[in-house]
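Q: Could you take a close look at one part of this model for me, and then link it to the parts around it? I'd like to hear about backbone geometry as well as packing.

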Amino acid sequence: MMLSSKNLSRGCVQRRSVEVAARAGTNVRSVRGAMPPPSHLASTFSNASALKGKIALGNARMSRMVGGGAKAYKRVTPRMCGIIGIFKYEGNANVELYEGLLMLQHRGQDSAGMVTTDWSRFKEYKENGLVKDVFGKQDLMDSMKGHCGIAHVRYPTAGSSSAQEAQPFFVNSPLGIYLIHNGNLTNTEELRDLLNSSRSFFNRHLRTESDSEVLLNILADEVHRAHQRCLQTTGCDPNKNKINFLFEAGEMTMRLLKGAYSCLALVKGVGLVAFRDPHGIRPLVLGKRAGAHGDEWCVASEDCAFGPIGFERVRDVQPGEMVIITEEGKLMSRQCAQGTPSPCIFEYIYLARPDSVLNGIPVYNFQLKLGTALANRIRQKGWDVDIVCPVPDGSRPAAIQIAAELGLPYREGLVKNRYVGRTFIMPDQRLREMSVRRKLNAMPAVFEGKSVLLIDDSIVRGTTMTQIVDMVRRAGARKVYLASASPPVVYPNVYGVDMPSRKEFVANGLTIDQVCTLLKADGLIYQEVDDLMTAGRELNPDIKDFDASCFTGTYVTGDIDEAYLQKLEMSGRGASRRAPQKVSLINNDRPNAMVGSS
Ligand SMILES: O=P(O)(O)OC[C@H]1O[C@H](OP(=O)(O)OP(=O)(O)O)[C@H](O)[C@@H]1O
Ligand SMILES: NC(=O)CC[C@H](N)C(=O)O
Ligand SMILES: [Mg+2]
């Protein structure tokens with residue numbers, strides 16, 4: 001079938017306007033001024049030899065990604081962390097935390113951790129591995145007693161992936177605080193210095209490289225300072241002011257921290273504490289259910305966690321807000337910093353589950369809108385497409401919509417092995433090379449003789465697409481066109497998605513035409529940034545701005561410049577923290593369990 005277009009533009013060449021990538025805003029700083037825009041934003045390459053050189057460079061990059069060299073990289077798709085906390089009045093929270101955490105497994109697969117309490121004793125366990133491998137043991141679960149608790153799945157963005165840096169983190173004083181964190185701080189080193197300075201009288205001793213441990217210690221330091229202020233105030237009884245200490249500490253902490261943080265904490269003498277950075281970059285949702293003794297509460301990264309454990313969505317924790325559910329079950333809240341919502345748009349494209357509603361925006365509806373916007377642009381291409389096929393799982397909603405908009409058959413030609421997780425960290429080269437192929441299989445019955453439009457939600461390092469184009473051609477496809485429901489990823493994510501280096505991105509420094517050639521496709525089209533923003537704003541007009549920094553280079557916290565990005569890239573963070581380790585589905589050993597109680 002030939003797609004009609006007045007303005008026919010065939011093949012791989014697509015030009016993106018510089019304006020599309022630029023974003024307005026007085027309180028944001030773009031790194032654009034500090035470095036040249038990616039070359040695909042320029043109109044064309046000036047000569048053929050430049051193009052040849054870049055493509056050669058691109059091929060070298062690709063061979064590293066798929067494990068083609070001695071110094072092969074692991075295939076790692078973007079991930080982050082998931083958090084959940086439960087308050088109930090009786091029984092143990094352990095099983096519900098486990099079930100809820102399973103619903104957040106897509107957000108992090110390096111480690112899982114949990115702490116439960118009856119507010120007199122706390123029981124903690126954390127270990128590398130998937131939730132079912134870490135907590136799927138009766139004796140361990142039986143020992144996790146207490147009617148309240150918090151739990152975490154991690155994909156590291158700071159420090160290493162060792163079990164020591166798995167979450168929760170704990171400080172004994174003041175009060176006794178267990179904390180879990182989703183996001184990434186962008187001023188960790190400054191905060192570390194602050195903690196080591198004379199400002200912090202007790203000179204807090206940090207044991208890891210984790211930004212989350214720094215965050216916890218800043219919060220604890222501020223609780224301590226609030227306590228001291230109380231002692232110096234006539235009539236202030238510390239024992240009656242613990243909740244207030246937390247709110248005050250929340251205000252002070254939010255002044256000090258930069259970056260993204262959605263956090264949950266269990267604080268002895270206070271309760272279950274939830275707070276979110278003033279931009280609300282990472283999600284955090286509050287849920288409720290009726291219990292025999294009153295309302296019971298759940299706070300989680302995504303509300304998809306609520307369904308299986310009987311909670312219903314109440315609202316998002318607001319950017320800059322701290323919510324406390326006291327040990328007695330009373331919900332209290334304070335706006336600790338002025339909120340200027342700019343949630344991460346990548347949550348809606350890829351990270352979050354489609355059955356979640358984040359910041360009032362149903363993820364599924366957002367992805368349908370991406371499909372509609374992309375279909376309008378695909379139509380302009382005039383490609384001769386027979387079938388639309390998603391790259392499972394992430395791209396299904398967009399692909400369904402694209403097929404419907406273009407009036408083309410929607411076909412599932414790539415069969416996914418349901419026993420292979422979303423992402424593997426491969427322990428050796430041979431397994432790395434197999435990763436995409438053992439996960440997805442192309443069916444000749446679908447592709448034989450067909451001109452195929454493959455849809456993916458994103459093309460990051462290009463590992464998935466390179467292999468899939470090859471598979472689909474081997475399965476008999478006549479032509480393979482590609483559409484990405486998101487724009488080219490060309491800038492690092494510094495807010496908790498594991499995309500630290502520009503060098504890893506297939507689109508970095510290449511025109512879209514060149515990326516198309518590199519992926520060996522007959523055509524390639526990306527979503528436009530404007531369409532992305534429009535989709536979000538239409539679904540929640542109260543949100544004027546989204547963090548789309550990995551597409552635009554504009555970072556909503558205003559503290560990221562070229563020097564920061566270069567330091568990040570030169571730190572070798574991505575490579576060093578992925579030291580070979582056990583993969584739970586391959587090897588169920590538990591080399592690094594961290595267990596504790598207090
Ligand atoms: O260009 P790349 O570096 O390969 O990364 C992009 C791919 O990674 C993700 O899929 P993933 O398999 O992680 O998850 P999914 O099954 O949920 O789509 C994403 O949906 C893309 O398919
Ligand atoms: N992806 C995340 O949210 C990670 C949280 C924290 N920065 C860590 O590395 O543990
Ligand atoms: Mg995918």
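**A loop with a cis proline, and its sheet**

A: Pro174 sits in the loop that leads from β6 to β7 (strands, E, at least two residues, and helices, H or I, at least four, are DSSP runs numbered from the N terminus). This is a predicted model, in which local features need pLDDT of at least 70 and side-chain atom pairs 80 or more, while totals for chains, interfaces and linings use all residues. Residues are numbered from 1 along each chain as written, with chains lettered from A and ligands numbered from 1 in written order.

The peptide bond running from Ser173 into Pro174 is cis, and its omega is near -5°. Leu175 belongs to the loop between β6 and β7 too. Its phi is near 70°, which is a positive value in a residue other than glycine. Leu175 counts as partly exposed because it has 18 C-beta neighbours inside 10 Å (20 or more is buried, 12 or fewer exposed, with C-beta atoms placed from the backbone).

Now step back to the strands on either side of that loop. Both β6 and β7 belong to an open sheet of six strands, ordered β6-β7-β8-β9-β13-β14 and paired antiparallel (a pair needs at least two DSSP bridges). From one strand to the next, the twist averages 20° (angles, 0 to 180 degrees, are between N-to-C directions of lines fitted to C-alpha atoms, for helices over the stretch in contact).

Further along the order, β9 (residues 271-276) and β13 (residues 321-326) run antiparallel and are joined by five bridges. One to look for is Leu272, whose bridge partner in β13 is Ile325. Helix α7, residues 211-231, lies across β6, β7 (177-185) and β8 (259-267), and runs at about 125° to β7 (contact is C-beta atoms, placed from the backbone, within 7 Å).

Gln167 is joined to Pro168 by a cis peptide bond with omega near 20°. Pro168 lies in the loop between β5 (148-154) and β6.

Another positive phi turns up at Trp119, where the value is near 75° in a residue other than glycine. Trp119 is placed in the loop between β3 (111-117) and β4 (122-128). With 16 C-beta neighbours inside 10 Å, Trp119 counts as partly exposed.

Within α11 you will find Gln401, which counts as buried with its 23 C-beta neighbours inside 10 Å. Leaving out residues up to four places away in sequence, Gln401 touches Leu368, Gly371, Thr372 and Ala375.

Terms used. Contact = placed C-beta atoms within 7 Å.
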